[in-house]
Amino acid sequence: ETMKQIRSSILPALVAAGLLLLTSCAARLAPVYDQALFDGLTRSSTQIMELFASVGSGTDPDRFSDREKSYNKAIGAVDALAIQSRSRPMPSAKRMEKAAQYLDARGIGIPEANGEPPSAAALDQVSAQLVKMKETDREKGLSPTVVKLFKNNVIISMDQALTYEAFLKR
């Protein structure tokens with residue numbers, strides 16, 4: 001009779017432990033929202049907009065060395081965020097379709113991702129724009145019009161990355 005009592009008290013605990021184990025192993029269909037990544041995107045966008053504000057009225061290539069550190073810092077931060085974005089699993093096709101619809105509804109579209117997370121693809125575009133802007137600044141300086149063109153391209157890509165990451169929080 002003591003064995004029956006032991007079995008009857010242990011059996012519910014084993015069943016509960018088994019259910020807990022099974023539910024903790026559920027597969028994710030979308031990448032996990034990453035608050036640190038979102039915060040990094042926010043900080044980087046602020047840093048990048050500060051860079052644009054500092055060169056908005058144009059630049060002189062002779063003073064490029066004054067700005068080079070700001071370029072390197074912004075490019076390095078964006079590249080690191082792209083790596084962080086790629087470190088998560090890709091969402092299901094259904095989830096990607098919903099994200100694309102959401103971005104389209106905002107009028108910004110989803111970047112061409114080539115099988116990568118859209119935020120990583122958008123961040124690659126930001127990095128490429130900043131690298132090109134840095135090279136142009138070093139070689140011949142930037143006119144206010146050229147700064148605006150670079151800024152518009154960067155804003156679109158940063159908006160895509162931020163919007164996609166915010167969408168994952170839903």
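The axes here are lines fitted to C-alpha atoms, for helices over the stretch in contact, and the angles run from 0 to 180 degrees between N-to-C directions. α5 passes α6 in a left-handed crossing, that is, the near helix is turned anticlockwise from the far one by less than a right angle, with clockwise giving right-handed.

On the α5 side the contact includes P118, L123, L130 and M133, and on the α6 side F150, M158, A161 and Y164 are among the residues. Contact means heavy atoms within 4.5 Å. By class this contact has 11 nonpolar, seven polar and two charged residues. Nonpolar covers Ala, Val, Leu, Ile, Met, Phe, Trp, Tyr, Cys and Pro, charged covers Asp, Glu, Lys and Arg, and the others, Gly among them, are polar.

Some housekeeping. This is a predicted model, in which local features need pLDDT of at least 70 and side-chain atom pairs count only at pLDDT 80 or more, while totals for chains, interfaces and linings use all residues. Residues are numbered from 1 along each chain as its sequence is written, and side-chain values use heavy atoms, with hydrogens and water left out.

The protein has six helices and zero strands. Both are DSSP runs, helices being H or I of at least four residues and strands E of at least two, numbered from the N terminus. Of its 170 residues, 37% count as buried, meaning under 20% relative accessible area, with exposed over 50% and partly exposed in between (1.4 Å probe, protein chains only). Among contacts between residues at least 6 apart in sequence, 84% join residues at least 24 apart.

Next pair. α3 and α5 pack at about 165°, axes 9 Å apart, which makes α3 roughly antiparallel to α5. The crossing of α3 past α5 is left-handed. Among the residues making this contact are Y71, I75, V78 and L81 of α3, and L123, V126, L130 and K134 of α5. The classes here are 12 nonpolar, four polar and eight charged.

Then α4, residues 93-105. Its axis and that of α6 come within 10 Å and cross at roughly 130°, so α4 and α6 are oblique to each other. α4 passes α6 in a right-handed crossing. The α4 residues are R95, M96, K98, A99, Y102 and L103, facing Q160, T163, Y164, F167 and L168 of α6. That contact divides into seven nonpolar, two polar and two charged.

Which residues touch the most other members of the largest nonpolar core? In that core of 25 residues, they are L41, I48, F52, L123, L130 and M133. A nonpolar core is a set of buried Ala, Val, Leu, Ile, Met, Phe, Trp, Tyr and Cys residues joined through side-chain atoms within 4.5 Å. The elements giving two or more residues to this core are α2 (35-55), α3 (65-86), α5 (118-140) and α6 (144-168). Leaving aside residues up to four places away in sequence, L41 touches L81, L123, M158, A161, L162 and E165. A second, separate core of six residues includes Y33, A99, Y164 and F167.

Last, a surface position. E50 sits in helix α2, and at 52% relative accessibility E50 counts as exposed.

How values were computed. Parallel < 35°, antiparallel > 145°, perpendicular 65-115°, else oblique.
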